[in-house]
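Trainee: I would like to learn how to read pockets, helix packing and record annotations in a model. Could we work through one together?

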Amino acid sequence: MAKYVIAIDQGTTSSRAIIFDKAGSVISIGQLEHEQIFPRAGWVEHDPMEIWDNTREVIGQALSKANLTRHDIEAVGITNQRETAVVWDRNTGLPIYNAIVWQDTRTQPIVDRLAADGGVERFKAKVGLPLATYFSGTKIVWILENVEGAREKAEAGDLMFGTTDSWVLWNLTGGLEGGVHATDVTNASRTMFMDLATLQWDDEILAAFGVPKSMLPEIRSSSEVYGLVNEHSLLREVPIAGILGDQQAATFGQAAFDQGEAKNTYGTGNFLIFNTGTEIVHSKNGLLTTLGYKLGDAAPHYALEGSIAVTGALVQWLRDNLGMISTSAEIETLAKTVDDNGGAYFVPAFSGLFAPYWRADARGALVGLTRFVNKGHIARAALEATAFQTREVLDAVNADSGVPLTELKVDGGMISNNTLMQFQADIIGVPVVRPVVAETTALGAAYAAGLAVGFWSDLDELRANWQEDSRWTPQMGEPERNRQLRNWKKAVTKTFGWVDEDIV
């Protein structure tokens, strides 16, 4: 009888369960969106209970669509939106506050407070990250300082923290009935609390943040059996054997296992990851140093990452906030009604600017407007913003690595947009390659789980699964590329310094 691996992909906008066969092909998908909660400007939250309810539901959807049961599933892998922080009560199993999402900027005063002694790079040598609202650490501090009774409960050992992988793992393995409180090295590396060299929580940094160590999950590898699904689930007794943060999972799913290999994921935000092998490389060009993966007892692989806060989220904004389109797919149709951007450039610094600028004081700007510009031009400018931001991150990767990429592997929801993919190739000047299996994030988590239980034998077997689907080659001349980039960089400068004491 054929056997399969299921991956739970707990993302920023939805939770999905995807079943894969041995060839890495998608058998079935269950998916549910969850509410995006915006209590104030700059605040972004999710309801952890809604996420858990949806996770259970999508598992049922995927199994039902494929006409499979738990007996057909060899292992469960988990991948997740990284940095999003959940804090829950150890005694009730209930969150004490909504999950604070990675895009949330409310913790800037906490960042400033911590940076007062040593600057934003105060802990970077150890953790690979600058002080920023992006990462989990300051989100935990905000909850401890702003939720009534949270500090006292934390000091008493009654609170648990986790990124959403830990929340799903704990609930899947029983919750209050013996749930496993763990995370993997890739997610731990996004908290600001894990020492990259030792792969352990750093007591000195925890003390500086004022976060009790008792709240934190155990750090494990990305590929091992963490526990069995509890008896109340459709997947009861199936081993949960793989965890990777979503961007690392996509890299793993792209079979970019070796030093010098890279991928770019086009989702809510964009994330380019460059594998540096077993060497920790500290960026001089605004990139993050992060964990790539760790398979069981083997040495960890590290990576450089260029994180872009808003790409696909800009399309959602045009859909939900402005009503310019009714579905995200319509952005391409609208963009194709014009030949170019009409001189308009859209810098979506809704949460400040991430790599390579790291400007928390930036806010979004649409510049270069004339009476000529119409909604088609704005749609094209929105798509082009994704490609321009990727070019700037790729320039930083090339500068740090000293080995320019010769092609860019891509994945994520936006890669179905052929207009965007062609412009991406044009603006970076190298081919863009899309794989046959576009669900690389879930596939990476499935691979990690399958390796741990022997469903797949080794990395060579996974490499053999990867197949090219489409390739876009640059069509734009160098003078036009340089003109566009010059205008883009000028547009970016217009977003700087917007936030001050009176404007948030």
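Trainee: Which helix gives the most to the lining of the largest pocket?

Mentor: First, what a pocket is: on a 1 Å grid over the protein atoms alone, an open set of points where a 1.4 Å probe fits, with protein on both sides within 12 Å along at least five of seven lines; lining residues have an atom within 4 Å of a point. Helices (H or I, at least four residues) and strands (E, at least two) are DSSP runs, numbered from the N terminus. Here α10 gives the most, with four residues. This is a predicted model, in which local features need pLDDT of at least 70, side-chain atom pairs count only at pLDDT 80 or more, and totals for chains, interfaces and linings use all residues. Residues are numbered from 1 along each chain as its sequence is written, and side-chain values use heavy atoms, with hydrogens and water left out.

Trainee: What volume does the largest pocket have, and which residues lie nearest its centre?

Mentor: A volume is the space filled by probe spheres set on the grid points, which are joined across faces, edges and corners. For the largest pocket that is about 1,100 Å³. Its lining has 45 residues, and Tyr-266, Gly-267, Gly-412, Gly-413 and Met-414 lie nearest the centre. Elements that each supply at least two lining residues include β2 (14-20), β3 (26-33), α9 (246-253), α10 (312-320) and α14 (440-453).

Trainee: How do the lining residues divide by class?

Mentor: Ala, Val, Leu, Ile, Met, Phe, Trp, Tyr, Cys and Pro count as nonpolar, Asp, Glu, Lys and Arg as charged, and the others, Gly among them, as polar. The lining of the largest pocket has 14 nonpolar, 20 polar and 11 charged residues.

Trainee: What about the second largest pocket?

Mentor: The second largest pocket holds about 730 Å³ of space. It is lined by 26 residues, with Phe-38, Val-44, Trp-317, Asn-321 and Phe-350 nearest its centre. Again α10 gives the most to this lining, with five residues. The classes are 10 nonpolar, 11 polar and five charged.

Trainee: Which residues does UniProt place under "binding site"?

Mentor: UniProt positions are given in the numbering used here, feature names are shortened, and annotations may be inferred rather than shown by experiment. The unreviewed entry places one such feature at Thr-12, Arg-82, Glu-83, Tyr-134 and Asp-246. The lining of the largest pocket includes Thr-12, Arg-82, Glu-83, Tyr-134 and Asp-246. A "binding site" annotation from the unreviewed UniProt entry also covers Thr-12, Arg-16, Thr-268, Gly-312, Gly-413 and Asn-417. Thr-12, Arg-16, Thr-268, Gly-312, Gly-413 and Asn-417 are likewise in the lining of the largest pocket. Thr-12 sits in the loop between β1 (4-10) and β2.

Trainee: At what angle do α9 and α14 cross?

Mentor: Axes are lines fitted to C-alpha atoms, for helices over the stretch in contact, and angles run from 0 to 180 degrees between N-to-C directions. The axes of α9 and α14 cross at roughly 75 degrees and come within 6 Å. α9 is therefore roughly perpendicular to α14 (angles of 65 to 115 degrees count as such; under 35 is roughly parallel, over 145 roughly antiparallel, and the rest oblique).

Trainee: How do α12 and α16 pack?

Mentor: Helix α12 (residues 375-401) packs on helix α16 (residues 478-493) at about 95 degrees, with the axes 11 Å apart. That makes α12 roughly perpendicular to α16. The contact of α12 with α16 divides into five nonpolar, two polar and five charged residues.

Trainee: Where is the cis peptide bond?

Mentor: The cis bond joins Ala-355 and Pro-356, with omega about -5 degrees. Pro-356 is in the loop between β17 (345-347) and β18 (365-367).
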